[in-house]
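Subject: Structure handover

Hello,

Here is the structure to look over. My notes on it follow below.

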Amino acid sequence: MNIAVVGTGYVGLVTGTCLAETGNNVICVDINEEKVKKMREGVVPIYEPHLDVLFHRNIKAGRLSFTAKLGEAIDDAQIIFLALPTPPGEDGSADLSYILGVANDLGKIIKSYKVIVDKSTVPVGTAEKVRDAIAKNAKCDFDVASNPEFLREGFAVDDFLKPDRVVIGTSSEKARKVMEELYKPYVRQGNPIIFMDEKSAELTKYAANAFLATKITFMNEIANFCEKVGADVDMIRMGIGSDDRIGKRFLFPGIGYGGSCFPKDVQALAKSGKESGYNFRILESVMNVNEKQKTILVPKIKAYYKNNIKDKSFALWGLAFKPDTDDIREASSLYIIDALLKEGAKINAYDPEAMDNVKNIVGNKINYAGDPYEALKNADALIIATEWSQFRAPDFEKLSSTLKSKVIFDGRNLYGIDQMKELGFYYNSIGRKTVK
């Protein structure tokens with residue numbers, strides 16, 4: 001099939017590349033001409049494991065190309081994916097201006113039947129708005145479908161090529177057949193393509209992300225209570241995770257969720273509810289708890305230093321909101337950095353992928369290390385904010401000899417309590433006893 005993907009952000013680039021991988025001819029569109037130029041030269045603008053291999057292979061095969069001209073991309077396309085940003089507005093609602101702007105442009109230039117697909121995460125009713133925007137100027141038949149993405153950063157390529165399910169919202173039989181044909185190669189093992197109406201598909205994405213954010217937040221609340229009563233959240237996690245009704249995933253406590261999806265989508269769903277006269281009280285609590293959880297290590301750090309951390313130096317391992325990505329949107333590390341700097345502390349940070357992105361925001365307010373152990377030099381304590389694999393089994397002898405004091409504040413529970421006791425660390429983690 002000939003496919004156009006409008007938008008080359010995280011979702012658009014993964015979608016376009018993975019669609020080309022199964023033999024489709026894909027043209028990706030972006031208004032940023034410099035970005036388009038770099039992609040044509042083989043530069044992958046985001047970090048995502050394995051994406052670069054597929055990206056270069058499909059460019060070389062001639063199945064994946066890039067343009068800044070919308071008309072050039074959609075002329076021969078049977079399907080047009082809209083993978084455009086929907087940033088939160090000041091009131092928390094999703095900003096649809098990018099999507100509706102492109103929809104308006106499409107109505108003026110499409111000359112034959114197309115299926116226009118909302119791939120972005122959008123509020124209920126967006127497909128209708130896109131349809132109306134296109135219909136104002138369209139001189140030919142078209143259909144609008146909703147096809148929400150369920151990509152996890154760090155695993156997005158596998159998630160697209162081997163999806164748990166494909167959700168498609170359409171009221172058109174013609175569009176259904178086109179979309180079914182497109183996705184057949186990805187569900188050969190029997191995972192379902194689930195067809196439904198457009199509004200249900202739109203809400204499915206919001207509901208999924210909101211539920212997972214709620215699950216994470218619930219475990220963080222349990223972890224906080226564990227610290228009050230002397231229980232161990234790891235034991236509780238295993239105890240409840242073995243129940244099939246609950247499941248093992250998304251039960252790891254920590255310093256809150258971040259990224260491009262959960263914060264934005266929970267906020268947007270709550271706002272959509274209010275606009276429809278419904279108050280999502282659970283989601284309001286989730287947002288409030290998560291906001292506090294992001295900096296829950298800070299009062300622990302201040303308490304250890306008797307409420308005075310001015311001129312104290314901290315090594316910070318991890319800046320990305322999660323491992324295997326360079327995404328720092330709503331990352332807990334940024335909130336921790338801000339809180340510590342306000343107290344007059346110094347920070348030496350290391351992250352395998354996200355340091356350039358943090359430099360663009362934080363600048364030279366903190367120092368950036370070339371490796372994890374360089375970050376430890378002259379540090380009074382180590383703070384762990386992201387659970388990168390390379391942090392899970394460090395050289396503790398080197399760590400001990402480089403830090404000024406054997407003090408760790410672990411926001412991701414990477415190390416065992418007994419292990420820390422044996423090594424003689426002060427170790428403060430989430431939902432477990434403090435090793436003193």
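Strands here are DSSP runs of E with at least two residues, helices are DSSP runs of H or I with at least four, and both are numbered from the N terminus.

Two points before the rest. This is a predicted model, where local features need pLDDT of at least 70, side-chain atom pairs count only at pLDDT 80 or more, and totals for chains, interfaces and linings use all residues. Residues are numbered from 1 along each chain as its sequence is written, and side-chain values use heavy atoms, with hydrogens and water left out.

**Strands S7 and S8**

Four bridges join S7 (residues 166-169) to S8 (residues 193-196). The two strands run parallel. Strands count as paired if DSSP finds at least two bridges between them. In a regular strand the side chains alternate between the two faces of the sheet. In S7, Val166 and Ile168 point one way, and Val167 and Gly169 the other way. All are buried. Buried means under 20% relative accessible area, exposed means over 50%, and partly exposed is in between (1.4 Å probe, protein chains only).

S7, helix H8 (residues 173-183) and S8 make a right-handed β-α-β unit. Right-handed means that, with the strands pointing away from the viewer, the path from the first strand over the helix to the second runs clockwise.

**The six-stranded sheet**

A sheet of six strands is open and has the order S11-S10-S9-S12-S13-S14. Its pairing is parallel. S11 (367-368) and S14 (426-428) stand at the edges with a single partner strand each, so one side of each has no neighbour in the sheet.

S9 (residues 313-317) is mostly covered, with five of its five residues buried. Ser313, Ala315 and Trp317 point one way, while Phe314 and Leu316 point the other way.

S9 has these partners:
- S10 (residues 346-350) runs parallel to S9, and five bridges join them. Serine 313 stands opposite lysine 346 there.
- S12 (residues 381-384) pairs with S9 in the parallel sense over four bridges. Leucine 316 stands opposite isoleucine 383 there.

S9, helix H14 (residues 332-342) and S10 also make a right-handed β-α-β unit. Aspartate 324 is in the loop between S9 and H14. Its phi is positive, about 65°, although it is not a glycine. Aspartate 324 is partly exposed, at 26% relative accessible area.

**Threonine 121**

Where is threonine 121 found? It is in the loop between strand S5 (114-118) and helix H6 (126-135). Threonine 121 counts as buried because its relative accessibility is 7%. Its side chain makes a polar contact of 3.0 Å with the side chain of lysine 205. A polar contact is a pair of N or O atoms within 3.5 Å; within protein, one must be able to donate a hydrogen and the other to accept it, and residues adjacent in sequence count only if both atoms are side-chain atoms.

Leaving out residues up to four places away in sequence, threonine 121 touches Thr86, Glu149, Lys205, Tyr206, Lys264 and Asp265. Contact means heavy atoms within 4.5 Å.

Glycine 12 is in helix H1 (residues 10-21). It is buried, with a relative accessible area of 0%. With residues up to four places away in sequence not counted, glycine 12 touches Val5, Gly7 and Ala83. Its C-alpha atom is separated by 8.7 Å from that of serine 120, which is 108 residues apart along the chain.

Asparagine 32 caps the N-terminal end of helix H2 (residues 33-40). One of its side-chain oxygens lies 3.1 Å from the backbone nitrogen of glutamate 34. Glycine 42 follows H2 and has a positive phi, near 95°. Histidine 50 is in the loop between H2 and helix H3 (51-60). Its phi is also positive, near 75°. Histidine 50 counts as exposed, at 51% relative accessibility.

**The whole chain**

The protein chain has 18 helices and 14 strands. Its radius of gyration is 24 Å, close to the 22 Å that the globule rule gives for 436 residues, so it is as compact as a globular protein of that length. The radius is taken over C-alpha atoms, and the rule is 2.2 Å times the number of residues to the power 0.38. Of the 436 residues, 52% count as buried.

Best wishes
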